[in-house]
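Dear colleague,

Please find the structure below, followed by a short account of what was found in it.

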Amino acid sequence: DAKEIRVLNKVIRLTEQGLELEADPRHAELVVRALGLEAAKPSPTPGTKATKKSTVRDKLQNDAEAEGEEEDEEGAGDEEEGPEELAQGEAKEYRAIVARLNYIASDRPDIQFAVKEAARNMATPRREHWPAVKRIGKYLKGRPRLVMKYEWQKPLGTVVTYTDSDWAGCSKTGKSTSGGIVTIGGHMIKSYSRQQRTVALSSAEAELHAMVAASAETLGVIGLCKDMGIAMEGEVYTDSSAALGITQRLGNGKVRHLRVQALWVQEVRCTRRLGYKKVLGSRNPADILTKHVPKDL
């Protein structure tokens, strides 16, 4: 029989196979209720890729990618167009729902990218931003629970982080997203999806910025383990050969537009604080943190 406790309303279970962690399931229910989606059809994905509205071809391509999901967006058509800012009361409601989603997302890697995109609009929420939040709500209606399992494993001495980036993924600002999953063996310790602060001028630069973030997270987990008396090493995996090549040399080389701060990873490698390795793009789990998860995840 499983033994169960709650920490900050997060459910932690002890089973024969190991531990299970589940985000507070009440938050998903509250989001669905706040959005008035009790009778709505669940969505198979938490979001769709944003496309430019300036061309008919882009609109048709977006409709094709939706694959007959027009019914999922029922009732949102009147809100998609126009830059109208939300009234004070409605803006407060928007921020409250997104803040709740942001709390859930720390234990729900499947919605982290979608929630990150919605959170970018909290400063000045507009009417056109509501459909994306409702899409997340419909997804949670279909998948209100996510249980992460931590099965028993032998003691390991390496923290492994997988990192990825979507170069210029934001069609409005040209900024990229850094995604990462920190693991010890088969256990996911942390995951994140963050907007990069600067505009990367190449895919290699975007991936390099993502590697900087992943390196900082890895060293943070190593430091935490050290405080608990556990000695750990660290490795960072990327699917970008170009970014990996930058870490293997000293200085910018022929690439002149890189920010000097990003070359910190070269120092980290030279001092053997971390190792940097290649992973195939098809086997990189951080990929789900730089785009909306697909239907068949």
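**Cysteines and helix packing**

Cys225 is buried, with a relative accessible area of 7%, where buried means under 20%, exposed over 50% and partly exposed in between (1.4 Å probe, protein chains only). Cys270 is partly exposed at 42% relative accessibility. The count of disulfides is zero, a disulfide being a pair of cysteine sulfur atoms within 2.5 Å.

This is a predicted model, in which local features need pLDDT of at least 70 and side-chain atom pairs count only at pLDDT 80 or more, while totals for chains, interfaces and linings use all residues. Residues are numbered from 1 along each chain as its sequence is written, and side-chain values use heavy atoms, with hydrogens and water left out.

Helix H1 (residues 25-34) packs against helix H3 (residues 88-105) at an angle of about 155°, with the axes 10 Å apart. H1 is therefore roughly antiparallel to H3, a term for angles over 145 degrees. Helices are DSSP runs (H or I, at least four residues), numbered from the N terminus. Axes are lines fitted to C-alpha atoms over the stretch in contact, and angles run from 0 to 180 degrees between N-to-C directions.

H3 also packs with helix H4 (residues 112-119): their axes come within 9 Å and cross at roughly 150°. H3 and H4 are therefore roughly antiparallel to each other. In contact (heavy atoms within 4.5 Å), Tyr94, Val98, Leu101, Asn102 and Ala105 of H3 meet Gln112, Val115, Ala118 and Ala119 of H4.

Yours sincerely

Methods: Helices (H or I, at least four residues) and strands (E, at least two) are DSSP runs, numbered from the N terminus. Angles under 35 degrees count as roughly parallel, over 145 as roughly antiparallel, 65 to 115 as roughly perpendicular and the rest as oblique.
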